[in-house]
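Me: I'd like a close look at one part of this chain: the backbone in its loops. Which spots there deserve a second glance, and what surrounds them?

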Amino acid sequence: MIGVFDSGLGGLTVLRVLIERFKAADFVYLADHAHVPYGNSPSEAIVDYTRDCVEDLFGRGAKLVLLGCNTATAVALRRLQQEWLPHSRRAGTHNVLGIVAPTVEAATQTPWAVTSPQYPQKYNTDTIGVFGTTRTVMSGVYPEEIGKRCPKVTVVQQVCSELAGAIEEKRPEAHLEDLVRAGIAGLLNETDGMPPHRAILGCTHFPLVEHLFRKHLPPFTRILSQPEVVSDSFEDYLARRPHYLNGDESGKLTLLTTGDPAEVSKKARVFWPDVPAFGRA
């Protein structure tokens with residue numbers, strides 16, 4: 001069984017692609033609506049919330065948990081991997097991954113394990129744009145990790161503070177397009193009008209408006225949308241570590257929330273029109 005965690009519903013964009021890739025695998029998705037949005041919480045609280053939810057998923061039978069949330073990944077993942085999991089009773093048999101590493105790998109064409117410039121990346125002078133929520137951008141995780149591998153790359157970040165909420169509220173397409181256009185304009189203001197060579201959609205809500213980013217970015221800009229990028233990396237990870245899948249997988253999907261299941265199930269249709277009903281965690 002594979003666990004997928006998010007503070008809310010954006011992780012469903014990643015989950016849907018994973019389900020397509022691993023049709024026989026069992027998945028359990030946990031959304032922590034009792035504490036959403038994580039971006040308004042102190043870092044220590046985010047670590048605590050994330051750890052509790054990962055432990056919940058482990059307790060339900062998941063040996064491997066993916067944090068399908070940029071904020072939780074940026075703030076909590078390293079702490080969980082280095083300080084909590086190695087000293088827990090799950091050490092050696094369970095693991096927790098995030099969505100930043102595969103995104104950085106795709107952006108730099110460098111394996112995550114490689115933390116210094118490697119040919120040809122050390123000569124790479126491209127511009128990478130990062131569109132994200134306030135907390136993800138403030139964490140600086142993308143410039144930091146990209147810079148380790150490609151120090152000559154210019155990373156420009158742009159906060160799209162209203163976009164995730166507008167997507168979840170199912171605002172009109174014209175309004176969403178205005179927000180996307182404003183975000184791109186803000187980024188271009190930092191690059192003297194030069195579009196990025198690659199654009200990271202650093203929020204799992206943003207794949208739902210990828211077509212609008214595509215519309216307002218030039219054809220040469222490669223858009224890195226996390227559901228596909230993360231699923232590619234996850235597929236490779238599991239091919240090398242098949243023990244994280246149980247032998248009796250049956251393609252079962254369980255959706256859970258710490259909030260109101262009826263309300264969450266209704267909102268989830270924005271991300272997945274025929275989404276199964278959520279249960280209470």
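Reply: Happy to walk you through it. The chain has 11 helices and 10 strands, and please keep in mind that this is a predicted model.

Let's begin with the setting. Six strands form an open sheet in the order β4-β3-β1-β2-β9-β10, with parallel pairing. Its edges are β4 (95–98) and β10 (279–280); each has a single partner strand, so one side of each is left without a neighbour in the sheet. Strand β1 (residues 2–6) runs parallel to strand β2 (residues 27–31), and five bridges join them. One example to locate on screen is F5, whose bridge partner in β2 is L30.

P120 sits in the loop between α4 (100–108) and β5 (127–132). As background for both spots, most peptide bonds are trans.

The loop between α4 and β5 has another residue to look at, Q109. Its phi is near 55°, a positive value in a residue other than glycine. In general, most residues other than glycine have a negative phi. Is Q109 buried or exposed? With a relative accessible area of 53%, Q109 is exposed, because the cut-off for that class is over 50%.

D192 gives a further case, in the loop between α8 (173–190) and β7 (198–202). Here too phi is positive in a residue other than glycine, near 55°. D192 has 75% relative accessibility and therefore counts as exposed.

Now for the chain around these loops. Of its 281 residues, 52% count as buried. Along the principal axes, the C-alpha atoms fill a box of roughly 50 × 45 × 35 Å. If we take contacts between residues at least 6 apart in sequence, 76% join residues at least 24 apart.

Finally, a word on surface and charge. The chain exposes about 12400 Å², with carbon and sulfur atoms supplying 51% of that area. The 29 positive and 32 negative charges have mean positions 2 Å apart.

Conventions. Residues numbered from 1 in each chain as written. Predicted model: local features only at pLDDT ≥ 70, side-chain atom pairs only at ≥ 80, totals over all residues. Heavy atoms only, no water. Pairing = 2+ DSSP bridges. Helix = DSSP H or I, 4+ residues; strand = E, 2+ residues; numbered from the N terminus. Buried < 20%, exposed > 50% of the residue type's maximum accessible area, 1.4 Å probe, protein only. Contact = heavy atoms within 4.5 Å. Areas by Shrake-Rupley, 256 points an atom, 1.4 Å probe, with all protein chains shown as cover. Lys, Arg positive; Asp, Glu negative; His and termini not counted. Charge placed at Lys NZ, Arg CZ, Asp CG, Glu CD.
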